[in-house]
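Subject: Handing over the structure

Hello,

Here is the structure I promised to pass on to you. Please open it alongside this email, and then read on for what turned up in it.

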Amino acid sequence: MRDHAGTDTAEDIVDRRVRAIETGALPGNVGALLEEAASDSGDRLAWNFFESGETETYASLRDRTAGLAQGFAGLGIAKGTHVAVMLPNIAAFPLSWLALARLGAVMVPVNIDYRERELAFILENSETGWIVIHDSLFPILENCRSAGHAMPPNDRTIVVGNGIPGTIPWDRIARARAEGFEPAEPVTQDDLLNIQYTSGTTGFPKGCKLSQKYWLIAGKVNAMRDGLKFDRILASTPFTYMDPQWLLLMSIYQRATLIVARRQSTSRFIGWLADHEINFCLLPWILLKQAPSDRERQHKILRANVYGVPPHLHGEIQSRFGLVAREAFGMTEIGPAMFMPIEAQDMVGSGSCGRPVPYRRCRIADETGRTLPPGEIGELLVSGPGIMSGYYNNPEATAAAFRGEWFRTGDLFRMDERGYFYIVGRLKDMVRRNGENVAAREVEMVLNGMATVKESAVIGVPDEARGEEVKACIVLQDGLAPTPELIDQLVAHCKRELAPFKVPRYFSFRESFPRTTSQKIAKHALRAEAKDLRSGSYDRVENRWHP
């Protein structure tokens, strides 16, 4: 496709880049990728945990993970062994992951905020035999044992930090280095590497079975999709989550340095970008609601990924912070699925997630699986090599998640004539009002675009006449209260931006939201807070507060 002047369009450029990425060979496994990086860029810094000062060059990372893999093997950890890793953002986490990858073992990442019930479920469901755990978290493991749960025993517990009698000290096996490592059994792209648990917004989390190929593709796609060279990449969320893991592999492909924060911080984020000369980051668009800073344009960002940004704020992000911000879309089950190309400047503010990434095919389907034409709304289905092979120990959920080779995302999308995709909402996150479908996400984006709103969540309230009514749960900016004037502003804004049937009838205000372990708003908890969901809400139709 060419424009009227005969020059290549953004789509032409991206299509050529996608084909080139797909035709290039993948490394044989994650260990091979690291070996390649160490061979040609051994002196380059692989990562910098800047708050603790932990650094590794690519050569030392190769040798440390080889030594650690040998140490794991000496303990009896072998190909296919399930090893839970419950650590904060310290170097021991990615060291463990890469060592397990070289060995062909399987990592089960565990959120450090989990309580006993959650930890017991993850370890029992995943049939975990070993655990690498921080000393500060050991009491939670002990409590699970005391409650009778099948937890790894002390002689299969590796403790990072202060020693605990009867357990295996991390330092004892982590100090060794080796110039090479050959696993007892060959490690292939199709071997399982992670059992990665979803956040469980509607019940117990599900363990996604993710192969070495899954991770090799995720790292390669993010490293090469823009045709740019990144030298310094920021990871600011916990390594338990997907993002720091693929950001690490992206860095290895790029021979870049991964700059790792101990934990996410909106107030310090801008300073990190400037201090560490970051080229790529996942930018929380809520930064727009921070007070202006004289440092917010002192950075070297080449691309910032943004997710779910209200379309009318997209341009403001770019102009205020002086950077290129582009949307993307992915899921634990499928890895990266879509990205907005750097070249697609005309799509800024469109609300689109972009086009399919290399190795992924996407289509919109109706409830029977029939592909829908451009413009029609249906469920997004995704296929391609390396997507998850299923949910561990959950055949029913696995069967429900696939339509043949196609993974059912549960997200409602539409596609335009140019092949750009737009998320409409979750299939199960809709309010059905008087025969009309209201996507919660659309209403939330409108509300979140207001300067007075810090965050919002939209749910349905049962209604005898209309089936459901729309309710907006809102966290206001610090120092604000739900005065009549402010509520009038909210209603007026929604009426300007939304069709009448989408405008919330009920408004409730709160200090914060209940969260899942991955920090998503737990809407199931919001729905369960009261028998009558009108309680404590302002009713704009009746112009009163419900007791």
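Let me begin with how charges are counted: Lys and Arg are positive and Asp and Glu are negative, while His and the chain ends are not counted. Each charge is placed at NZ of Lys, CZ of Arg, CG of Asp or CD of Glu. On that basis the protein has 64 positive and 67 negative charges, and their mean positions are 1 Å apart.

Two notes before you look further. This is a predicted model, in which local features need pLDDT of at least 70 and side-chain atom pairs count only at pLDDT 80 or more, whereas totals for chains, interfaces and linings use all residues. Residues are numbered from 1 along each chain as its sequence is written, and side-chain values use heavy atoms, with hydrogens and water left out.

The overall picture

The protein has 15 helices and 28 strands; these are DSSP runs numbered from the N terminus, with helices being H or I of at least four residues and strands being E of at least two. Its radius of gyration is 24 Å, close to the 24 Å from the globule rule for 547 residues, so the protein is as compact as a globular protein of that length. (The radius is taken over C-alpha atoms, and the rule is 2.2 Å times the number of residues to the power 0.38.) Along the principal axes, the C-alpha atoms fill a box of roughly 70 × 70 × 55 Å.

Of the 547 residues, 57% are buried. Here buried means under 20% relative accessible area, exposed means over 50%, and partly exposed lies in between, using a 1.4 Å probe and protein chains only. The accessible surface comes to about 22,500 Å², and 49% of that belongs to carbon and sulfur atoms; areas come from the Shrake-Rupley method with a 1.4 Å probe, and for residues only the protein chains shown count as cover. Taking contacts (heavy atoms within 4.5 Å) between residues at least 6 apart in sequence, 65% join residues at least 24 apart.

Enclosed elements

Strand 3 (residues 82-86) has five of its five residues buried, so this strand is largely enclosed by the rest of the structure. His82, Ala84 and Met86 point one way from strand 3, while Val83 and Val85 point the other way. Strand 3 runs parallel to strand 4 (residues 106-109), with four bridges joining them, and Val83 has Met107 as its bridge partner. For strands to count as paired, DSSP must find at least two bridges between them.

Strand 15 (residues 335-339) also has five of five residues buried, so the rest of the structure largely encloses this strand.

The buried ones are Ala440, Val443, Glu444, Met445, Val446, Leu447 and Asn448. Their cover includes helix 11 (311-321), helix 14 (484-497) and strand 25 (467-476).

Which residues does Met242 touch, leaving aside those up to four places away in sequence? They are Gln196, Leu210, Tyr214, Trp215 and Thr332. Met242 is found in helix 9 (residues 242-254) and is buried, with a relative accessible area of 13%.

Strand 28 pairs with strand 27 (residues 538-539) in the antiparallel sense over two bridges, and Asp539 stands opposite Arg544.

The loop between strand 27 and strand 28 holds Asn543, which is exposed at 57% relative accessibility. Most residues other than glycine have a negative phi. Asn543, though not a glycine, has a positive phi of about 55°. Glu127 is not a glycine either and has a positive phi of about 55°; Glu127 lies in the loop between helix 5 (116-125) and strand 5 (130-134).
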